[in-house]
Amino acid sequence: MDDDIYDPAYVAALFDRCSARYRWWSAVSSFGFIWLWRRQCVGRLTGQQSIARIADSQVVRPAPHIPQIVDLMAGTGEVWPHLLAAIPRAQITAIDISSQMHDDAMTRLHANRSGQISHICANALENTLPEESADLVISTFGLKTFHADQQAQLAAKIASILRPGGSFSLIEASDPKEWALRPFYRLYLDVLLPLLERTFLQGAKDFSMIGTYTRNFGDCAVMADALAAQGLRVTRKSHFFGCATSVAGTKPIAPDAPAP
Ligand SMILES: C[S@@+](CC[C@H](N)C(=O)[O-])C[C@H]1O[C@@H](n2cnc3c(N)ncnc32)[C@H](O)[C@@H]1O
């Protein structure tokens, strides 16, 4: 029987096998684009720290506050340098289902940042972080291993953990259906990368799964609709002819007023 490639146990085992080479392989196989796309994803977060609130007829200054960021499907923490460059005081809660990606992130790759990061090894669809506990939620390249129903579950989680006024930004490798050079791109993902992986990584077929996952994922449209259905404000963006797509937005401070 075929494996269920959306089964969390399957996904966790896949990334456990990829972890040691993940940083290197993702950078090289994307020709460095993945670094740029992570930075662009961070750039789509919007800060709303200085919103004045009124209590007892007085404007209340916001208390000094350490920004709380949740990094979903954090993997080996490749987005953390970008996040901490943008928001140096941030505290990051990182969630990932792969224990091996988690171990590599904390012990090998980011030991010097451990004071600002807490890492939860868990299924992001099941983990219950406190409601309205995050100022910002980010996810880089962690959506494609979810089918549409799972994306809807994830959207509900994001809406629940974000504070009102908080912002989210998610980016994923996508299938650039409108791009004239798509046949070459597909050839690269579906044929060349698997060949390189089999040749150089002792017959492995793990990183090559990106071809199947991106083809099935399409782009961030389904996730954007799921987030909007949770009452979040949403904008989509295409990166490099649609080879990646992102969805970003905010949780409204007050619900939209009914139309007059
Ligand atoms: C392609 S990696 C992306 C890692 C990192 N965010 C980056 O920018 O490179 C996808 C990660 O999502 C994690 N993942 C997949 N499904 C998950 C789930 N249900 N819950 C938590 N993590 C999950 C995998 O273990 C893997 O580390």
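A polar contact here is a pair of N or O atoms within 3.5 Å; within protein, one must be able to donate a hydrogen and the other to accept it, and residues adjacent in sequence count only if both atoms are side-chain atoms. This is a predicted model: local features need pLDDT of at least 70, side-chain atom pairs count only at pLDDT 80 or more, and totals for chains, interfaces and linings use all residues. Numbering runs from 1 along each chain as its sequence is written, and side-chain values use heavy atoms, without hydrogens and water.

Start with Ser-169. Its side chain reaches the backbone oxygen of Cys-41 at 2.7 Å. Ser-169 sits in strand E7, residues 162-173. Strands are DSSP runs of E, at least two residues; helices are runs of H or I, at least four; both are numbered from the N terminus. Ser-169 is buried, at 0% relative accessible area. Buried means under 20%, exposed over 50%, partly exposed in between, with a 1.4 Å probe and protein chains only.

Now the charges. The structure holds 9 salt bridges. Each is a side-chain nitrogen of Lys or Arg within 4 Å of a carboxyl oxygen of Asp or Glu. Asp-175 and Arg-186 pair at 3.4 Å, N to O. Asp-175 lies in the loop between E7 and H6 and Arg-186 in helix H6, so the pair ties together parts 11 residues apart in sequence. Asp-175 is buried at 4%. Arg-186 is buried too, at 6%.

What else does Arg-186 bridge to? Asp-190, with the closest N and O atoms 2.9 Å apart. Asp-190 also meets Arg-215, at 2.6 Å. That pair links helix H6 to helix H7, 25 residues apart.
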